[in-house]
Structure formats: structure tokens, C-alpha cells
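This briefing covers a ligand shell, a helix and a set of paired strands. Please read it beside the sequence and the 3D view.

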Amino acid sequence: MEANRPPQTSVTTDGDATGPGEEARKTVAAAKAANHLSEVRLVVLGWRWPGKSLTGNTIIGREEFHLERAAEFCVKRQTEVQGRQVIVVDTPGWFSAQDTPPSYKKELMRGAILSPPGPHAFLLVIPVGMFTEVDRSRVEEHVSLFGERVWKHTIVVFTWAEVLRNISIERYICREGKELKWVLEKCKRRYFVINNCIFGEHPQVNRLMERVEKMVAEEGGYYKPEEVEKEKKPMDENQNPAREVRELGARPKQNSGLDLSKAK
Ligand SMILES: Nc1nc2c(ncn2[C@@H]2O[C@H](COP(=O)(O)OP(=O)(O)O)[C@@H](O)[C@H]2O)c(=O)[nH]1
Ligand SMILES: [Mg+2]
């Protein structure tokens with residue numbers, strides 16, 4: 001059973017960890033085969049508009065998720081990728097420069113229970129570009145709705161990577177600074193660069209599945225929503241129905257100093 005697999009200790013980065021020589025290649029191939037899952041369950045997370053739905057489409061290989069700014073609900077789709085059933089749950093995303101209304105947060109959290117017994121991976125979609133302190137704290141606030149353990153099951157997926165042109169992703173991460181590094185450290189530097197301009201049959205989707213399978217092997221299983229429920233506090237401010245009554249939809253954060261015209 002996957003939940004009983006011993007955790008592995010190696011740290012993953014983008015690209016395959018192939019060493020020189022035939023022996024190394026055989027070892028990597030054997031590890032991939034051992035990690036293979038017949039079903040892969042994914043939840044796509046992120047703020048609004050970084051490319052969550054398009055990433056879902058790239059994985060599914062069809063235009064299944066609508067690209068719309070005002071998505072309010074989770075959407076689940078399924079397909080087969082190289083001998084695996086792959087389930088993708090697309091989520092509405094959070095507001096990046098305003099408080100996310102409680103109803104959206106609830107819907108976001110519902111994303112974790114739509115693929116029972118629980119998702120193998122949360123794909124945290126981040127567009128390549130400026131990543132600010134506010135972005136980091138919004139990521140922290142919303143990812144932590146799933147409990148601290150969610151980080152053990154999270155992979156950062158970079159979109160819009162074509163804007164990097166000749167700069168490598170490693171160099172981009174290094175230059176972007178401590179806020180992005182914080183997020184990457186939280187998920188043990190697991191990241192994947194997806195090319196959303198490529199549609200249909202392409203090795204990148206299989207590579208992403210292998211990355212998920214490796215993480216599942218390293219972390220000893222999938223994310224179990226019921227365990228996270230137990231670890232949660234009885235009720236925090238965000239889930240308090242009284243707050244829901246007070247909130248009249250989305251509104252700017254007090255003293256945030258943010259330019260809402262740039263709301264993502
Ligand atoms: N060039 C480019 N466009 C992208 C990429 N990812 C998303 N987009 C575009 O960005 C917009 C928002 O994407 P969408 O998937 O709807 O964002 P979501 O709100 O996170 O689901 C759409 O117009 C997409 O076509 C990418 O990697 N490269
Ligand atoms: Mg969307």
C-alpha cells in the first residue's frame with residue numbers, strides 16, 4: 001500500500017536526476033516503475049488568473065476547464081495519461097489583493113475532498129514574474145486552509161515560463177528573492193515548469209505525473225483530508241459563520257496600501 005512506503009530522503013528539483021552511465025539510468029527507470037500509480041489525483045491551487053485552468057487543460061489534454069476570471073466553483077475532470085487514470089480538480093482560486101470571501105474559501109477547501117480518498121498532489125500554480133511579500137502571505141494564508149501537512153503534498157507549477165526567454169528557472173528563482181524561496185522551501189524545493197502553449201500528446205505531462213509519483217513515494221502516501229480535520233483548531237476566524245454575515249462580499253483590506261486596479 002502506498003501509505004506504508006518508507007519515505008525517501010532525496011530532494012527533488014525540476015528535471016530528472018539522471019546520473020552518468022547505464023547503471024544510473026537503470027536505477028532511475030526502476031525507481032520510476034516502482035513509484036507508478038494507477039490513479040493520480042490532483043488539485044490545482046493558486047490565486048486568480050495565473051493559469052490554473054489552462055494548466056488543468058494541459059494535463060487533461062483537452063479544453064475541459066473554462067478560462068474565466070470569475071470562476072466560483074471547483075470543477076473535476078478525468079482522463080488517462082500513459083496507463084494512469086488522472087483526476088484533476090480545478091479550484092476557483094483566491095483573491096490576491098483583497099480578502100477572499102468565506103464562501104470562496106469553503107469552496108477552495110472542498111477541492112480536497114472531491115477526489116476520494118484524497119489527492120496525491122496539490123499543484124500550486126505560480127506565474128513566472130514578480131513574486132511579492134503580499135503574494136507569499138496570500139499563498140501561506142490560503143494553502144494553510146488545508147492544514148500544515150498540505151506542504152508535504154505540494155508541488156509548485158510555474159506557468160508563463162516562456163517570458164524567461166534565455167534565463168534558466170534556477171536563475172529566476174535565485175533572482176526573485178526570499179519570498180518565492182520561502183514557498184519553495186515549504187514544499188522541499190519541488191517544482192515543475194509547465195509549457196501551457198503545448199497541447200495534446202507531449203512528454204511533459206508524463207514527466208509531471210512521474211514527479212507526483214516521486215513525491216508520493218518520498219512522503220509515504222497521499223493527502224488525507226480526515227487527518228487534517230483532526231489537527232485543525234475548533235473554529236478559526238475565517239470559518240466563523242458570524243464573520244460571513246459581517247462580510248458583504250469582497251472588500252479591500254484595511255490599511256493594505258494596495259492598488260486594487262492591479263487586482264489579479
Ligand atoms: N502565454 C501564456 N498564457 C497563459 C499561461 N497560463 C495561462 N495563460 C493565460 O492566462 C489567462 C488565465 O488563465 P486561466 O487558466 O484561466 O487562469 P486561472 O484563473 O488561474 O484558472 C488565460 O488567458 C490563459 O490563456 C502560460 O503559461 N502562458
Ligand atoms: Mg480558472
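The points below take the model's confidence, then the ligand shell, the helix and the strands.

This is a predicted model, in which local features need pLDDT of at least 70 and side-chain atom pairs count only at pLDDT 80 or more, while totals for chains, interfaces and linings use all residues. Residues are numbered from 1 along each chain as its sequence is written, and chains are lettered from A and ligands numbered from 1 in the order in which they are written.

**Confidence**

- The average pLDDT (the predictor's confidence in each residue, from 0 to 100) of the protein is 84, and 80% of the residues score at least 70.
- Over residues 1-13, pLDDT stays under 50, and the model has 21 contacts beyond four places in sequence for them; two residues are in contact if their C-beta atoms, placed from the backbone, lie within 7 Å.
- Residues 240-264 also stay under 50 in pLDDT, with 31 contacts beyond four places in sequence.

**Shell around ligand 1**

- The shell around ligand 1 has 13 residues, of which Gly51, Lys52, Ser53, Leu54 and Leu67 come nearest; a residue is near a molecule if its C-beta atom, placed from the backbone, lies within 6 Å of it.
- By class, 5 of the shell residues are nonpolar, 6 polar and 2 charged; Ala, Val, Leu, Ile, Met, Phe, Trp, Tyr, Cys and Pro count as nonpolar, Asp, Glu, Lys and Arg as charged, and the others, Gly among them, as polar.
- Helix α2 (residues 52-60) gives the most to this shell, with 3 residues; helices (H or I, at least four residues) and strands (E, at least two) are DSSP runs, numbered from the N terminus.

**Helix α2**

- Because 9 of the 9 residues of α2 are buried, the helix is largely enclosed by the rest of the structure; a residue is buried if 20 or more other C-beta atoms, placed from the backbone, lie within 10 Å of its own.
- The cover over these buried residues includes β1 (39-45), β2 (75-81), β3 (84-90), β4 (121-127), β5 (154-159) and α7 (203-219).

**Strand β3 and its partners**

- In β3, 5 of the 7 residues are buried, so the strand is mostly covered.
- β1 and β3 pair in the parallel sense over 6 bridges, with leucine 42 bridged to valine 88 in β3; two strands pair if DSSP finds at least two bridges between them.
- β2 and β3 pair in the antiparallel sense over 7 bridges, and valine 75 stands opposite aspartate 90 in β3.
- The hairpin of β2 and β3 has 2 residues between the strands, and glutamine 82 there takes a positive phi near 45°.

Methods: A residue is buried if 20 or more other C-beta atoms lie within 10 Å of its own, exposed if 12 or fewer, and partly exposed in between; C-beta atoms are placed from the backbone.
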